[in-house]
Amino acid sequence: MIIVHVHVHVKPDAVDAFAAATLENARNSAREPGVVRFDVVQQEDDPTRFLLVEIYRAAEDPGRHKETAHYATWRQAVEPMMAEPRRSVKYRALFPEPMRWEMAAPDAAPAVTER
């Protein structure tokens, strides 16, 4: 499993447009067979900073992701929105075990927790 954290700093006037484009990319990315999770988070104290947490099953899956039409569309749309070049850091999972990283299908209803 490969875990990639992509750190993105966008221009203040591009926050909403970046979020919209990135959510569309994430929804499509989560459907790729090699993607375990594709999370988009926004920094609470600085809304111009985002973190994409991309979790792939195998080493070749990030490359396959970058060959998709939705990634190309996203990259082209958000490049002018960047306040600085995005950067990524690759990690390997120690815990939990790979099967526990799996997320529900993007169109699935949320789980209901009993209290």
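Contact here means heavy atoms within 4.5 Å. That meaning applies wherever residues are said to touch in this report. The model is predicted.

**Overall layout**

The protein chain has 115 residues, and buried residues make up 34% of them. Its secondary structure comes to three helices and four strands. Read from the N terminus, the elements run β-α-β-β-α-α-β.

**Two helices side by side**

Helix α1 covers residues 15–29, and helix α3 covers residues 69–78. Their axes come within 9 Å. They cross at roughly 165°. An angle over 145 degrees counts as roughly antiparallel, so α1 is roughly antiparallel to α3. The crossing of α1 past α3 is left-handed.

Which residues of α1 and α3 make the contact? From α1 come Phe18, Ala21, Thr22, Asn25, Asn28 and Ser29. From α3 come His70, Tyr71, Trp74 and Val78. By class, this contact has five nonpolar residues, five polar residues and no charged ones.

**Threonine 22, on the α1 side**

Threonine 22 sits in helix α1. Is threonine 22 buried or exposed? Its relative accessibility is 0%. Buried means under 20%, so threonine 22 counts as buried. Leaving out residues up to four places away in sequence, threonine 22 touches Val40, Leu52, Trp74 and Val78. Trp74 and Val78 belong to the α3 side of the helix contact. With tryptophan 74, the side chain of threonine 22 also makes a side-chain polar contact of 2.9 Å.

**Histidine 70, on the α3 side**

Histidine 70 lies in helix α3. With a relative accessibility of 18%, histidine 70 counts as buried, because the cut-off is under 20%. Which residues does histidine 70 contact, apart from neighbours within four places in sequence? They are Asn25, Asn28, Ser29, Glu32 and His65. Asn25, Asn28 and Ser29 are among the α1 residues of the helix contact. The side chains of histidine 70 and serine 29 make a polar contact of 3.4 Å.

Sequence distance and spatial distance can be set side by side here. Histidine 70 and glutamate 24 are 46 residues apart in sequence. In space, their C-alpha atoms are 8.2 Å apart.

**Histidine 9, in a strand**

Histidine 9 is found in strand β1, which spans residues 2–9. Its relative accessible area is 17%, so histidine 9 is buried. Beyond residues up to four places away in sequence, histidine 9 touches Thr48, Arg49, Met82, Ala83 and Glu84. Its side chain makes polar contacts with the side chains of threonine 48 and glutamate 84.

| Side chain | Partner side chain | Distance |
|---|---|---|
| Threonine 22 | Tryptophan 74 | 2.9 Å |
| Histidine 70 | Serine 29 | 3.4 Å |
| Histidine 9 | Threonine 48 | 3.2 Å |
| Histidine 9 | Glutamate 84 | 3.0 Å |

**A cis peptide bond**

Most peptide bonds are trans. What is the peptide bond from phenylalanine 95 to proline 96? This bond is cis, with omega near 0°. Proline 96 is found in the segment after β4, and that strand spans 87–91.

Methods. Residues numbered from 1 in each chain as written. Predicted model: local features only at pLDDT ≥ 70, side-chain atom pairs only at ≥ 80, totals over all residues. Heavy atoms only, no water. Axes fitted to C-alpha atoms, helices over the stretch in contact; angles between N-to-C directions. Parallel < 35°, antiparallel > 145°, perpendicular 65-115°, else oblique. Left-handed = near helix turned anticlockwise from the far one by under 90°. Nonpolar A, V, L, I, M, F, W, Y, C, P; charged D, E, K, R; others polar. Buried < 20%, exposed > 50% of the residue type's maximum accessible area, 1.4 Å probe, protein only. Polar contact = N/O pair within 3.5 Å; in protein donor to acceptor, adjacent residues only side chain to side chain.
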